[in-house]
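Subject: The structure, and what turned up in it

Hi there,

Here is the structure I promised to pass on to you. Please open it next to this email and follow along as you read.

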Amino acid sequence: MISRDDIRATYDTIRPYIRRTPVVRVDLGELDPAGTDLPTVTLKLEQLQCAGSFKARGAFANLLLREVPPAGVVAASGGNHGVAVAYAAHRHGVPARIFVPTVSAAAKVERIRRLGAKLVVTGDRYADALAAAQAWEQSSGAMSVHAFDQPHTLLGQGTVGLELSGQADQLDTVLVPVGGGGLIGGIASWFAGSVRVIGVEPDGAPTLTRARAAGGPADAPAEGVAADALAPRRVGELVFPITQAYVEDVVLVGDAAILAAQRALWQAARIAAEPAASVGIAALLTGAYKPAPGERVAVVISGANMDPAQLGA
């Protein structure tokens with residue numbers, strides 16, 4: 001477990017290097033005029049974060065709170081974490097080697113290259129890239145920056161909750177995208193039961209859903225439109241007990257609903273979000289999560305590293 005005091009201390013350290021991302025209030029009826037009884041919700045716009053996603057928080061936490069060896073850093077990523085580590089390493093002038101699978105979005109791969117990291121594309125899914133990164137860590141002496149299952153990563157992601165708690169008064173519920181669980185683990189650690197935390201996963205990559213059913217991290221499919229961001233095969237070992245303590249429920253949404261939510265965010269609210277970042281809105285628009293009357297809901301929009309052409313598709 002990580003504490004609120006640890007998250008506050010981490011925030012003080014990383015704050016000069018990250019953005020305090022804004023929140024906006026959005027009437028979901030504007031996103032889906034055919035919908036009924038849709039609430040107004042608060043959106044935490046982490047797609048405006050440095051490097052295009054919340055992952056910058058965890059990346060800077062690792063580089064600033066740990067001793068980086070001369071060999072630099074190594075990370076495995078579906079895309080966003082790799083961009084964030086490459087960005088943080090570039091800012092600090094340390095070598096970075098990023099392993100990504102072939103499923104990674106071209107926009108994310110190109111951004112890693114432009115930031116100067118050594119990019120290695122290997123395997124079909126995140127688990128393949130992780131195995132290659134671990135081998136490089138052992139042979140090179142580089143410091144591993146894990147995408148989700150590392151205390152400093154969780155501390156960094158927990159600062160999303162810290163900021164949100166000061167930006168939205170008297171929240172009842174926060175909907176959080178789930179892949180490996182770093183974001184939801186950090187946010188849930190910050191709120192520690194004071195606010196209802198609901199995970200949202202693609203039904204093609206139900207990592208936390210499978211773990212809750214099995215009583216621990218378990219292999220899950222790694223498919224769907226958000227596979228480059230929310231499909232690590234299994235939730236983190238450090239993350240799982242946090243979710244058991246502080247995450248009330250996990251809901252699933254399908255690919256069609258995710259893409260419809262992504263389009264609605266752009267067309268009606270001019271909010272650019274990649275598919276993985278749109279799952280919380282998909283849950284609300286489809287009724288996978290139904291707020292009670294008067295429930296004050298926030299949704300984390302986690303990233304926007306994608307080809308802009310997606311928004312008009």
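Let's begin with a term: rings of Phe, Tyr and Trp (its six-membered ring) count as a pair if their centres lie within 6.5 Å, and planes under 30 degrees apart make the pair stacked, over 60 edge-to-face, and the rest tilted. By that rule, the structure holds 3 aromatic pairs.

Before we look at them, a word on the source. This is a predicted model, in which local features need pLDDT of at least 70 and side-chain atom pairs count only at pLDDT 80 or more, while totals for chains, interfaces and linings use all residues. Residues are numbered from 1 along each chain as its sequence is written, and side-chain values use heavy atoms, with hydrogens and water left out.

**Aromatic rings**

A pair of aromatic rings is described by the distance of the centres and the angle of the planes. For F60 and Y87, the centres are 5.9 Å apart and the planes stand at 90°, so this pair is edge-to-face. F60 belongs to helix α3 (residues 55-65) and Y87 to helix α4, so the pair ties together parts that are 27 residues apart in sequence. Helices here are DSSP runs of H or I with at least four residues, strands are runs of E with at least two, and both are numbered from the N terminus. Both F60 and Y87 are buried; buried means under 20% relative accessible area, exposed over 50%, and partly exposed in between (1.4 Å probe, protein chains only). Together with Y17, F60 and Y87 form one aromatic cluster.

Y126 and F148 also pair: their ring centres are 5.9 Å apart with the planes at 45°, so this pair is tilted. Y126 is buried, with a relative accessible area of 7%, and F148 is buried with a relative accessible area of 7%.

**Charges over rings**

A charge sits over a ring if NZ of Lys or CZ of Arg is within 6 Å of the ring centre and within 35 degrees of the ring normal. The charged end of R4 sits over the ring of W190, 3.9 Å from its centre. R97 lies over the face of W136, 3.8 Å from the ring centre.

**Helix α5**

Which residues of helix α5 (residues 106-114) are buried? They are K108, V109 and I112. On the other side of α5, A106 and R114 are exposed. Just after α5, G116 takes a positive phi of about 95°.

Enjoy exploring!
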